[in-house]
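Please walk me through the strand pairing in this model. Keep it short.

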Amino acid sequence: MPYEIKKVFASLPQVERGVSKIIGGDPKGNNFLYTNGKCVILRNIDDHSRFVNCVRFSPDGNRFATASADGQIYIYDGKTGEKVCALGGGKAHDGGIYAISWSPDSTHLLSASGDKTSKIWDINVNSVVSTFTMGSNVLDQQLGCLWQKDHLLSISLSGYINYLDKNNPSKPLRVIKGHSKSIQCLTVHKNGGKSYIYSGSHDGHINYWDSETGENDSFAGKGHTNQVSRMTVDESGQLVSCSMDDTVRYTNLTLRDYSGQGVVKLDVQPKCVAVGPGGYAVVVCIGQIVLLKDQKKCFSIDNPGYEPEVVAVHPSGDMVAVGGADGNVRLYSILGTTLKDEGKLLEAKGPVTDVAYSHDGAFLAVCDASKVVTVFSVADGYSENNLFYGHHAKIVCLAWSPDNEHFASGGMDMMVYVWTLSDPETRVKIQDAHRLHHVSSLAWLDEHTLVTTSHDASVKEWTIAY
């Protein structure tokens, strides 16, 4: 097989404030249901004053517990259904309780609440053993929990999965982070001898991933407030990102900390950004093309006569390719602090969706909504070199391999193709690369390792063999 899945950095659970991850009760609060053997039982209950979020039988079957939005947990006899007690004597939590989970020996109960805490209860003595305070932010609300053998897990509103430490309630053993919203773009970069993947999502979050272990975290501080549309890394090792919050941000990849510095406010919403040597960056916005130099706006082309969609800067830094919704690619030269239209049109087969120069600058690849990739030869005056067909739906993204002989494309058909420049018929086809959504972005870690992402909020690494 010419390819195999190497790693999958899975998406986090979809979460919503005020909604339990485990459903076991009647929203009206008058009934709850549970399974007993091969039966599903619906029973009346009048103890809770608000809707019941979760009902759980103990593993030995002798008791069951109910948790409600009224902040109370009731324990019942598993055989008679008679109420045994209310945990804590009154309210078990200061907020609604969204999930509970029994210990394997049926003596303790783990609870998760909107008051941003999880608690361990000793059922026999009706008391709290440990309280895990997860933070003070709204996103620290606890919506789910699980007691699996010796492992205690909880799920925060942020989507983070927390490994709770019974011996140190003040700090989780581990927190699994990632994206819970669709990922729009990614890029890769080596830092300190390690290869990292950077991904930006619909909610404005940017995460960095260790490509070997999958361990990841988000940048510190306040960053983008809306969808991250495109990211790239400049020659000084800064992550350059553009967002629907009308900003371009420069973030130091050593510090991984947002700051008030390095934020360029734009007049209109940006769609794509590309960087070149010498501190240049070109941003394509709605009805506008903006040239940045050393993190400052120095030139713009307003109302260019077509709708620009994507942009790429030649590795030499002297030429810019801008793809338009009209199916053409236009070339601009960078002259100091201005952009000059070279008056040259490169025709694609449909509205342009992405453009990318090979790393050696010899070729420009253009993909379009008509399912075609067109490669132009730079040395031959941007003459058409070859056409690549295979996708069944609009192509969304492109990326060149470091070997400059292969490039990858991802599309709305959920497929990824790895093409050979010299022979369009020699290709690697990855079908259903992301089964739930289309491929939204891709990048190469090395000549044989491709990274893809999708609106399914996962990041995947693929080993490619030719």
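The questions below cover strands, hairpins and annotated repeats.

The model is predicted: local features need pLDDT of at least 70, side-chain atom pairs count only at pLDDT 80 or more, and totals for chains, interfaces and linings use all residues. Residues are numbered from 1 along each chain as its sequence is written, and side-chain values use heavy atoms, without hydrogens and water.

Q: What is the bridge partner of Ala-65 in strand 6?
A: Strand 5 (residues 63-68) pairs with strand 6 (residues 73-77) in the antiparallel sense, over five bridges. In strand 6, the partner of Ala-65 is Ile-75.

Q: Why is strand 30 largely enclosed by the rest of the structure?
A: Buried means under 20% relative accessible area (1.4 Å probe, protein chains only); over 50% is exposed, and in between is partly exposed. Strand 30 spans residues 328-335. It is largely enclosed because the buried residues number seven of the eight.

Q: Which residue in the turn between strand 30 and strand 31 has a positive phi?
A: Strand 30 pairs with strand 31 (residues 338-347) over seven antiparallel bridges. Tyr-332 stands opposite Asp-341 there. The two strands form a hairpin with two residues between them, and the positive phi, about 65°, belongs to Gly-336.

Terms used
Two strands pair if DSSP finds at least two bridges between them. Helices (H or I, at least four residues) and strands (E, at least two) are DSSP runs, numbered from the N terminus.
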